[in-house]
Amino acid sequence: MRILSWNINGIRTLPKYHPWNTFKSFEGILDELKADIICFQEMKSSRALIPRDVALPGHFYSFFSFPVTKGGYSGVAVFADSRTAVPMKAEEGLSGRLQPQPPLSADERISPSYPLPEDIIAYPDEQGEVPSTFDALDGEGRALVLDFGLFVLINVYCPNETSDARLSFKMNYHLMLQERVRKLIEEEHREVVVVGDINICAAPLDHCDGHLPSNQATFYDHPARAWFHNWLSPQGPMIDIVRTFWPDRKGLFTCWNMKLQARETNYGTRVDYILITKGLIPWIQYGDILPSLKGSDHCPIYIDLRDEITLESGETVKLRDAMKQADGPQEPPRISSKFWDEFSGKQTTLASFFGKRAASKEVVGNGSPPARAPALEKSEAPSKACDAQASDPTSPPRCGQSGAESADASKIAKPSNVPRQPPVPTVKKRRSSDHTSTASKKQKRVKGQASIATFFSKPLTNASAAASSKAEEVIEIKDDALMSAASASASISASAADPPSSSQLDEDQLDADYRLACELAEAETNGPSADDNPSPSPSASSSSQKKAAWSELFAPIQPPKCTVHNEPTKMYTVNKQGPNKGKTFFICSRPVGPGYDKGKGERLREEVDHRYRCNYFKWASEVRKEALRERGRERTRTKSEGP
């Protein structure tokens, strides 16, 4: 039997990767994982949004825990093969306070007692306060507890420390988990398996930079690492079973930063674990990670259990018997999605209102269809559009009538008690916005043909715009505007710590484009024409100048070379919300790795490994400006060296 754990980073993300996108159903994905008990973390969904084939994946029984209030966040799931591993009991959360409707009875509960806030020494927050209940800790859909007879399985997704304010939440969740496991071991004398994303590195060997002297000296100073170190064997009751099979293996990482492309060089961390109690060691046959399986920023981790063991007394115990698996079909616990109202036929879903229905026939009296209305009655009650059309003999026939039919219909007299409505004229409403925009539009008169430089001119200020609106609107290029645009250009030093402002970058880029556009316009207007100089050489020279100017305008930015490796850099785009969103920049193209240069503030100079990415950074706008300056200098040199 295999138990597998995987942080999938979203149930909708997984099917987008190969080979998972080749399967037609979610059951096929679970079968491909080749495990009997599959534990997922970070489902990032909700009960209302979970697909049917995920909730009812064929021969797997499924169990879910979603956040109480925040949808599309966190969430864990357990899928148990109904043929080999059906749980006896199942609960949502660690505190016992998350209950279905109706609540679980005493016989349906796994434990008789649950952790309380007074049972732990809670970690205070920034205001020095500690939680009075576990409702907030257990309300983010982070744990499922299932009883398989031989052991109690806890699938957990522990909080990440995204900020200093989140540290107390993270620590208190760990303490609640520890107390729940302690009660199971000491008070109920049960064997426990804890699987999932703990979000802590257990030792320096589990961190990509753990070997650096600066990290080794202070590794356990973090409170979460210190707690985890004391919870694991030999200090604590839980055994890191996968590390037991690979005690000195380096690079046993399960999580990577995909934004840095860290998976290519295995620059990651090990934060996913399978922890067991001492009594389960004889049952464990093997354990490892599956780094070749893609689909998330984590990789799966698993253990294999033996089918049977021989006790010291000589008795052979089969795993199926120890897990109390029945020979025939076995029903899952009540919190399984199999018993959800929306999937068990007890609740009408919204999709049922849009399904196809058979056309029902009306029956009158003894079953005969209703009598058909006379043709005269039909003609006496035409539609409004047809009525208006018939009353106007000059208009063409409509509503599918021929000219003769419409003429005959117009001769039929209307009953006197039915007033004739005047014909409704077909008037098209004009949108107010169209009327306003049409009234406010002004036709611009251009002297001659506008040159390309006009499209790069700077927008007018309010004062100049008001003054120009009174005069005739003519597109012109003035020399003083060119001089002011040229003098306004200034170089901006780009750095990752202090990027230039958005308005300044746009203005500098506009200046550079404006100067080049003016040169194009000058080449077009001042170049020799065929009438003035019929010789082919000046005309060919002018064409070549214009062609070169156009090529410079649309030429792509050539990536600069980094200062350390002298290799072409790679361009990226800022996706984070803020003033720089959408801007492009260049950084070193080498992958990250142990000791890569994060910058002087984050990496000691003696610990930098230059085989990996250096700290080169430059905004693409600055690169374009430098390229335009260099092209301008080359044109100046070419003109000065010419005849």
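1. Two strands are taken to pair if DSSP finds at least two bridges between them. Helices (H or I, at least four residues) and strands (E, at least two) are DSSP runs, numbered from the N terminus. Strand β13 and strand β14 (residues 301–305) run antiparallel and are joined by five bridges.

2. The model is predicted: local features require pLDDT of at least 70, and side-chain atom pairs count only at pLDDT 80 or more, whereas totals for chains, interfaces and linings use all residues. Residues are numbered from 1 along each chain as its sequence is written, and side-chain values use heavy atoms, with hydrogens and water left out.

3. The pLDDT, the predictor's confidence in each residue from 0 to 100, averages 79 over the chain, and 68% of the residues score at least 70. For residues 424–429 it stays under 50, and the model has two contacts beyond four places in sequence for them; contact here means heavy atoms within 4.5 Å. The pLDDT is also below 50 over residues 467–498, a stretch with 43 contacts beyond near neighbours in sequence. Where pLDDT is low, the predicted coordinates should not be read in detail.

4. The chain contains 18 helices and 19 strands. Of its 643 residues, 40% count as buried, that is, under 20% relative accessible area, with exposed meaning over 50% and partly exposed in between (1.4 Å probe, protein chains only). Among contacts with a separation of 6 or more, 69% involve residues 24 or more positions apart.

5. Axes are lines fitted to C-alpha atoms, for helices over the stretch in contact, and angles run from 0 to 180 degrees between N-to-C directions.

6. With β4 (residues 76–81), β3 pairs in the antiparallel sense over six bridges; F64 has A77 of β4 as its bridge partner.

7. Just after α1, K34 takes a positive phi of about 55°.

8. A nonpolar core is a set of buried Ala, Val, Leu, Ile, Met, Phe, Trp, Tyr and Cys residues joined through side-chain atoms within 4.5 Å. The largest has 50 residues, and I37, F148 and F151 have the most contacts inside it. Beyond four places in sequence, the contacts of I37 include M1, I3, V78, F79, F148 and F151. A second, separate core of 33 residues includes V152, Y173, M176 and L232.

9. The axes of helix α4 (residues 167–187) and helix α6 (residues 223–231) come within 10 Å and cross at roughly 10°. That makes α4 roughly parallel to α6, since angles under 35 degrees count as roughly parallel, over 145 as roughly antiparallel, 65 to 115 as roughly perpendicular and the rest as oblique. Residues making the contact include L167, M171 and H174 of α4 and P223, W227 and W231 of α6.
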